[in-house]
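Okay, thanks everyone for coming. Have the structure open while I talk, and stop me whenever you like.

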Amino acid sequence: MNHVRRFLVVVTLLLLTRSLRADESPRFVEDVQPLLEAKCVSCHGPEKQEGGLRLDSFAAAKAGGESGPAIVSGDVAKSLLVKAITFRDPDLQMPPKQKLTDKEIATLTQWVKAGAAWPEPVAVLFEDEPQFLASLTSGNGKGRLVTEGIFAGKAALGITPLQRDGVKIPGWQFVIREKPQPGEYRFLRLAWKKRGAGSVMVELASNGQWPDAKVAKGRYVAGPNTTGWAAISVSETAPADWTVVTFDLWKDIGNFTLTGIAPTCDRGEEAFFDAIILGPSIASLDAYRPGRTELLGTESQATGDAFTDKRNPIRKLFRGERLDLWSLKKPRSSTLRVESAATNKKLDSESRATASIDTFIRERLTKAGLQPSPEADRRTLIRRLTIDLTGLLPTADDVQAFVADKSPDAYDKLVNRLLESPRYGERQARLWLDVVRYADTNGYERDEFRPLAWQYRDYVIRSFNQDKPFDQFIREQLAGDELLSAERGRESFSRASTDQSTKASDGHEKKTPAPLTPTTPAEADMLIATGFLRLGQWDSTASIFQEEVRLRAEMMADLTNTTASAFLGLTMSCCQCHDHKYDPLSQADHYRMRAFFAGITPRDDLAISLADEQAAIDQHNAELDQQAAPLKAEQAKLDKANKTRHEELKAKVAEIESKKRQPRRAMGATDSGSTAPATHVFYQGDFSSPRDEVLPGFPSVFTSGPAVIQPPHSNTTGRRLALANWMASADNPWTARVIVNRIWQQHFGTGLVATPNDFGYSGAQPTHPELLDWLAVEFTQRGWSIKELHRLIVKSATYRRRSTGGSPVSELQASRLHYGTQNIRRLDAETLRDSLLAVSGLLKPFDTGKPLWPAVPDELLNAQPAILEAIEGKDGGRMQGWYADPIEQTDVRSVFLVRKRCLPIPFLQAFDLPDTTVSCARRDTTVVAPQALMLLNSPEGVRYAQAFADRVQGTQANLSFDDATQTGKLIDAIFQQALQRRPTTDEVSLAIELLRRHRDQHAIKEAADRAVKLALADLCRAVLNLNEFAYID
Amino acid sequence: MLNGTRRDFLTRSGGGFASVALSALLAEELRGATPNPATMDPLQPLAERVSHFAPKAKQVIFLFQYGGPSTFDLLDYKPELLKLHGKPVPESFKKNPDKVGGVFNHCKDELMAGPWKWAQHGESGQWVSELLPHTAKHIDELCQVRSMFSESSNHAPATYLMNTGAILGGKPSLGSWVTYGLGSLNQNLPGYVLLYKVGGLGGSANWSNAFLPAAFQGTQFRHEGSPVLNLQPPSELVGVQRSTLDFAQALNRKHAAERPGVLDLDGRIASYELAYRMQSAALDIGELSLETKETQDAYALHDSNNSKALFGRMCLLSRRLVEKGVRFVQLYNAVDKLGWDGHDNNTDYHNRNAAQTDQPIAALLADLKKRGLLDTTLVIWAGEFGRTPMMQGNNGRNHNPYGFTIWLAGGGVRAGNVIGSTDDIGLRAAEQPQSAKNLHATILTALGLNPDDLFFEHAGRQERLTGVAQSWKTIPGVLG
């Protein structure tokens, strides 16, 4: 055997190495890099490059920024980094807000002095990861993870003869080069030892192939080689104790792509391997400290929260920083002096509560030297309140009645009436549907219709109208199926007879147990609520190209991110590929949350017929079966030659079968069983590079251990219910604050936190933290009632203030920022359309059911080739098309119109309809010319104006506009209906002028009565386009 | 750019104009961070903005090739494939595991060469297939990138990737980013215009502004009839449009005067005037009859092949749009839902699509050049992916995300250059594989935009077309 000895570095390493360096200069990986990451990289790194400087690579730091090189190796005086951190120069002091500690300054200074060694990153192939072992899928030896007598970290690999091997390990595409570029490598280092006689070997696969048995390229052996495979010999004897070896793969093998490995042991007892690392240089390997992966936060041993327990991984990861994030602390209600607006008499609790809001607001105003605006007039109030609570304008009669109501509780009565209106739930639901990115179609290439999605939409409407406690609302959406069983006790998981193989609309074939049959509408709603888990996009064509794994990974990420945004105001999407840049969340935290959803399987077959209804269906179907039974029996016995009778029987059976009734079904999700597939941290977020396995867990900052999970029955994991219960708790620091902030935003245009989906460092700080906390506590104490929360806010003097007038502009603007003056707000897309429909008299009552499809121009259908496929009838019944309903049926509130991902309804889209890919926390209100074109010129805009004119004209015939009194009445009616006020004298004369001139102009081409109608519609069109119509004071 | 301080902008904005930008600014204000570089005047979101550095090109025409053209049947000459026609795929091409979907699954183990003849053209002597006789005349002006790859072998994700930089959809499109960064050169027209008979799979998400302000959304320009949907009211109302508007504006001005400092209200008054001006500006663009007979014929406007004539109209419209200062024009080549997607009969699909697009595209290049517009207009020809050299069915080719050719021409592009290559059978990018991200970075750089500095604060992150800072490289050799 030809033993080739080339460039080999063999280092026998004592286990003591790590503790040998008490007085050495600072080391990069352990001392310097964490410091740079914690203190510098957030402003000088991939996200931001203040002053053009980055401090996340040596090349960038050396190149420096606008002021020059940040680091000059060995030269402290020339290194701007050192200058900045020492605060010697008043113009260059970093970090700007807080000087580093003396120790930290010394660390960085000494490091620069010692040459600023900055090793390139290494690739850790194995430290402690069980999935590494799992990826060695073949070989006649056995492998295990051992935790005793290991080299570093928590586990080592034990291999019995002959080997475990993986020739193409998922995610392994390591390019080996002489001069590695970033992401490429050259050296391999590992620690090994062998118990008893025999040798230890490692075999490396190149481009998916094992090396030729006869050539010593790609195999390294220590000890006498009895395998018969040529190998480079590292030492004559096998290592009896842990020995670190380093191989120059490029010198020994050449340029290649490392795709697999086989830890090998020729005979006798086990061989052990640990800390297998790839690096671009020896220096990079030297800089790596084995055992670092524990920082990922995947240890099974739970720690306390990061505030109190030093072992908490978040504390380690961020060096104790980032824990002062305001939203991590539980909301606390501060005591305050509540002032009584009118008298000093004792306030009842209700008045006290609303007065509390005003006290918090007034405190800030006073500090800013601002006076609050007075209360708005009654017309303004009812318009504002009706739009905010119901998404519709009040009628002229509503306004008149309220203005005329002199009773002291007139406003309270109005609030109650609006909160009890079914329109309230429709409005509230629309805003929630934004947050959960609701749509009626799958998205992507085919964008198929989801025929059952609307049940979730109606569930949301019902829930708000019933004022379902918000904590219950959370539990139902995340885990309604598990909740149903939990609430009914540990019943068996329903009737096996309904277990069936079904195909969900997203193409999933599955055989899963059915949940319990609901006995009440409330129980049925729990199942419908799980539709939440299905609202994301779904690419049904992924399977055609074997992209299901990617798709499932995307779905899980999307669900995790949406859940975190919607309920917690956490940006979990930011820690999918790396630890969070701002907030105390590790990459593992993203996957720990993802693991709560790991068990789910999409379902389109959740039976929601109530138990008695189901019983009736069963009985009905059983009777039919009885009728069919004798026919079937005859069929079975029949002589095959008797074709006529055979056909006759077949038809009869078919006829009977067709009478069978199906239970009502919902689109949702359940777990596929009591266990869930493992969740792995994905290296850099890449689904094809799974690393450490994680268990479901809440953000590690609170506890690093896995969540305690109690499955409510034997066919589900119980994971989602555990997550829901943690969220729906007054102890959760985010949940109540997040929803309270959303409702506040609804009434003022901005939230107390201006970024409702981001309560982290990169989001906005609360402008009124005490008020936010007070509202959050009040909200949970009042039983998580959303209606109570609305009541609290809209009754406050703060809500009722004027939006303009009185003060100088600059003061008003300052006052608006401090809630001393209300904001002027544009109607959003749906509110605008719904108000147009209502004012023009077109609005059709509709409060539940399948979505309606308004017609859209053909050329917009062409925008999506899949729609054309459907139009030609070539979509295989997948419902990829656009299914326009008759125009008069579609004049319903916009929440009931179809939301097709690839083709938003143009009229709504023009007015800033949000995208349905990710959660939308706040509607844009841009002002652009296409909106003007839409409202002025589109068939919809023209039609609304025409209908409005017809409504105003009523039964009056022979209009002419010559009669000023009659014309004045018409104008008055137009203003009353659209703006709920009378026109001024100037407006009347302008309007009369318009009517007469337009009448004359239309009369050139049209008959006289038609010219009059057109002129009246012109005036209506002008009024519906007014700023006063589109904006609420 | 907006005059005055950021504080002015914040306070003048009142009740939520461009509220996403505003809240992002407000959030930054509270943190004391630097302003977003693309702060815009809410009254004039399309006002021209200064680029980060001197641009090589000012405007863009993106000729999107829907369906996935088989680029080794068009531009990427593969003599080895001609030799291996009818033979099984050599084992050496099968060994690499494919990360995205498997290209071999729906194909036969049989290589298929196209039936077209190849010849060398231009001074550079580059090979072009006989499918593109007109483009061949311009071959020395094109810069070809022959080593593009995609991250999905499905139409919608791959089309999203090419247009928005992400396979998921829901992100702003290239055209939106460009107009957000630079504004436009004509305030009476949309800054980002789309021309299509049939769009791309995935629908309007391909030209969505997503979280960028709505002013940067792609506006469809129609190739016949009124150029922009709802540009005008029904005919009987055209004559009274101005006085209807005058009435509304008189009341609007009074309403705004009673609410001083609420910029939205002024903004909306201005938007109605812009809409009115757009009517005449856009109608002018659509007047193709004003072009000479020679020009009309060059673009094949009167060709007996209706599809070709239609595509010719779109090409001519795009030149007129660019001439009038529209920043970004995107064309979709397809006239039906099939495009280049030749699963069942690659030969037919490619004969048809090449015949429809070749002459008009060549005419566009010639016309831009003649008018001196090519120097400042970046023209891009790209589909979402390429096709397999393996046979699907009896004469088809399947999707292939692993290697395909695109080309660029005009503003700042190194004419005649060829970058990268595919392997001998055109299956995978071999030398210098290039991602959509690198292509986007190259386009932005040509326009004087630094991809890392073109960002928008959204949901707690600085979002960019090109993702994480410095995760891209401009494609070497494209820009002169």
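So, to start: how many residues of domain 3 of chain A are in contact with domain 6 of chain A, and how many does domain 6 give in return? Before I answer, some housekeeping. This is a predicted model, where local features need pLDDT of at least 70, side-chain atom pairs count only at pLDDT 80 or more, and totals for chains, interfaces and linings use all residues. Residues are numbered from 1 along each chain as its sequence is written, while chains are lettered from A and ligands numbered from 1 in the order in which they are written.

Back to the question. Nine residues of domain 3 of chain A touch six residues of domain 6 of chain A, and by contact I mean C-beta atoms, placed from the backbone, within 7 Å. On the domain 3 side, α10 (378-390) and α11 (396-404) of chain A each supply at least two residues, and α10(A) gives the most, with four. That domain 3 side has five nonpolar, no polar and four charged residues. The classes here: Ala, Val, Leu, Ile, Met, Phe, Trp, Tyr, Cys and Pro are nonpolar, Asp, Glu, Lys and Arg charged, and the others, Gly among them, polar. The centres of the two domains, over C-alpha atoms, are 37 Å apart.

Where do those domains sit in the chain? Chain A is split into six pieces: domain 1 (26-113), domain 2 (123-296), domain 3 (330-415 + 735-749 + 765-825), domain 4 (610-662), domain 5 (826-915) and domain 6 (936-1032). Those bounds come from an automatic or database domain assignment.

The C-alpha trace of chain A spans about 115 × 105 × 65 Å along its principal axes. Of the 1033 residues in chain A, 52% are buried, and for the 480 of chain B the figure is 61%. Buried means 20 or more other C-beta atoms within 10 Å of a residue's own, with C-beta atoms placed from the backbone; exposed is 12 or fewer, and partly exposed is in between. If you take contacts between residues at least 6 apart in sequence, 71% of those in chain A join residues at least 24 apart, and in chain B 76% do.

Next, where the two chains meet. Chain A puts in 89 residues and chain B 85. On the chain A side, α30(A) gives the most, with eight residues. By class, that side has 34 nonpolar, 31 polar and 24 charged residues.

What about the inside? The largest nonpolar core has 323 residues, and those touching the most other members are A:Val740, A:Leu1016, A:Leu1019, A:Cys1020, B:Val60, B:Val329 and B:Ile380. A core here is a set of buried Ala, Val, Leu, Ile, Met, Phe, Trp, Tyr and Cys residues joined through C-beta atoms within 7 Å. Helix α34 (residues 1008-1024) of chain A supplies the largest share of this core, ten residues. Beyond four places in sequence, A:Cys1020 touches A:Ala945, A:Phe948, A:Ala949, A:Val952 and A:Ile974.

Over in chain B, look at B:Trp407, which is in strand β11 (residues 404-410). Why do I call B:Trp407 buried? Because 25 other C-beta atoms lie within 10 Å. Leaving out neighbours within four places in sequence, B:Trp407 contacts B:Leu142, B:Cys143, B:Gln144 and B:Trp381.

Last stop, strands in chain A. In strand β15 (residues 600-607), seven of the eight residues are buried, so the strand is largely enclosed by the rest of the structure. β15(A) pairs with β16 (residues 665-671) of chain A, antiparallel, over six bridges, and pairing needs at least two DSSP bridges. In that pair, A:Leu606 stands opposite A:Ala666.

There's also an open, mixed sheet of five strands in chain A, ordered β5-β11-β7-β8-β9. β5 (174-176) and β9 (232-235) are the edges, each with a single partner strand, so one side of each has no neighbour in the sheet. β8 (residues 219-222) and β9(A) run parallel over three bridges, with A:Tyr220 bridged to A:Ile232. That's my tour, so over to you.

Notes
Two residues are in contact if their C-beta atoms, placed from the backbone, lie within 7 Å.
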